[in-house]
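Please walk me through this structure. Start with charge pairing, then go on to the backbone and the ligand site.

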Amino acid sequence: MMGSAHSDQVTSAAQPGANVFRAIGTANRGYGQQAQEEVRRLFETKVSFRWILPNETFMMEADAAFADGLERIKRNEPVFLRHLQPVNAEIDWDGDEAALLEGIRSVIRAAGDMRSGLRAAVQIRKGERVPESAVPGQLKPAIDRLLADEWGVEPVVREADRILSLFLEAGKAFVGWSRPEDNLSDWPGGAVRFRREEGQISRAKFKLLEAELAFGLDLAGYRSALDVGAAPGGWTSLLLERGLKVTAVDPAKLDPSLLRHPRLTYYGQRADEVSFAAGSFDLLVCDMSWSPHQMAKLVLGLADALQQGGTAIITVKLMHKKALQTIREVTGVLETAFSLQKAKQLFHNREELTLFLLKK
Ligand SMILES: C[S@@+](CC[C@H](N)C(=O)[O-])C[C@H]1O[C@@H](n2cnc3c(N)ncnc32)[C@H](O)[C@@H]1O
């Protein structure tokens, strides 16, 4: 059916400033409920949720001004909320491109913050029940063209000034127009993708790469790192690539390709069997597959080796899924020596999350 482009197809318009907070939240699969619980606690008014993808992606709506809702979430960023797409408008959509483009046009006009030369990324996602074939391949180029022709916008994938997000569900399209920082991640749905390199030692490397982005760090800016639970050596290899001196501790073997590296010192021992002079390192990373409580005690035992103000990046296993309680317990143990900067379940974390701490 050829639908025509009527502005009355745009059935709701939650512009920033509007009196409803409406957004699509995404968590790692299996952690959507945790994310909802965290969001619920941030609002004084009732928040309603509807699953889009089970225990992963959901629509949320709260009786709060849009800007206020966003501010609450950004100020106290939920550990398990990976991505947030504001819903500026909901458009009836039957696969007709012209209607969708008209809806997008009215969303951007209403936002009123367009200027020539703006860099915009178009991100399209879809619900389970929308078949791949229903998302026309030419849709993204068509939106890019609309933005370029009408407003002189430069289409980009990364480092955008604005993100035009489109979530397609059966019969509906949810349109968002936002600054990347308001989405909590500038990757579609917060799914951060890194290219796998030839000879890459472990997939675990992606976790540290993502932590660097998520916590706004520059690993190359550190001098000397202690990597606890280092084998087979994905994190160690990244730190070496970034120019750091690395001390790796693990009773398991490091990948042979690393062993001759001139900036690497390797102790094939358990973390409780080694000790270092106070202030030897400015970075401590720990990715041990162990009980959170034991891991926290071990890291605390090594805390003096990290200089004051030094950074610690630590993954925490979520053994029984009582995630918020686990974070409280671990940070409770660590707080004598560290101050927690951020706890986040990264896209590359499976049954775990990552802590960013500073040494007191
Ligand atoms: C998930 S792997 C680490 C992967 C690593 N980050 C990488 O990038 O290749 C967990 C490691 O923790 C190590 N580990 C477990 N208990 C340990 C302990 N008490 N002391 C040191 N390492 C330990 C294991 O031997 C294992 O190699």
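R22 and E61 join their side chains in a salt bridge, with N to O at 2.9 Å. The term means a side-chain nitrogen of Lys or Arg within 4 Å of a carboxyl oxygen of Asp or Glu. This pair ties distant parts of the chain together: R22 belongs to strand β2 (residues 21-26), E61 to strand β4 (residues 57-62), and 39 residues separate them. Helices (H or I, at least four residues) and strands (E, at least two) are DSSP runs, numbered from the N terminus. In total, the structure holds 29 salt bridges. Side chains of opposite charge can pair when their charged atoms come close.

The model is predicted: local features need pLDDT of at least 70, side-chain atom pairs count only at pLDDT 80 or more, and totals for chains, interfaces and linings use all residues. Numbering runs from 1 along each chain as its sequence is written, and side-chain values use heavy atoms, without hydrogens and water.

Now the backbone. N55 lies in the loop between β3 (47-53) and β4. N55 is not a glycine, yet its phi is positive, about 50°. P232 lies in another setting, the loop between β11 (224-228) and α6 (234-241). The peptide bond from A231 to P232 is cis, its omega near 0°.

A backbone N or O atom of P232 is 3.4 Å from a ligand oxygen. For G233, a backbone N or O atom lies 3.0 Å from an oxygen of the ligand. A polar backbone atom of G234 is 2.9 Å from a ligand oxygen. Such polar contacts are pairs of N or O atoms within 3.5 Å.

Key
A polar contact is a pair of N or O atoms within 3.5 Å; within protein, one must be able to donate a hydrogen and the other to accept it, and residues adjacent in sequence count only if both atoms are side-chain atoms.
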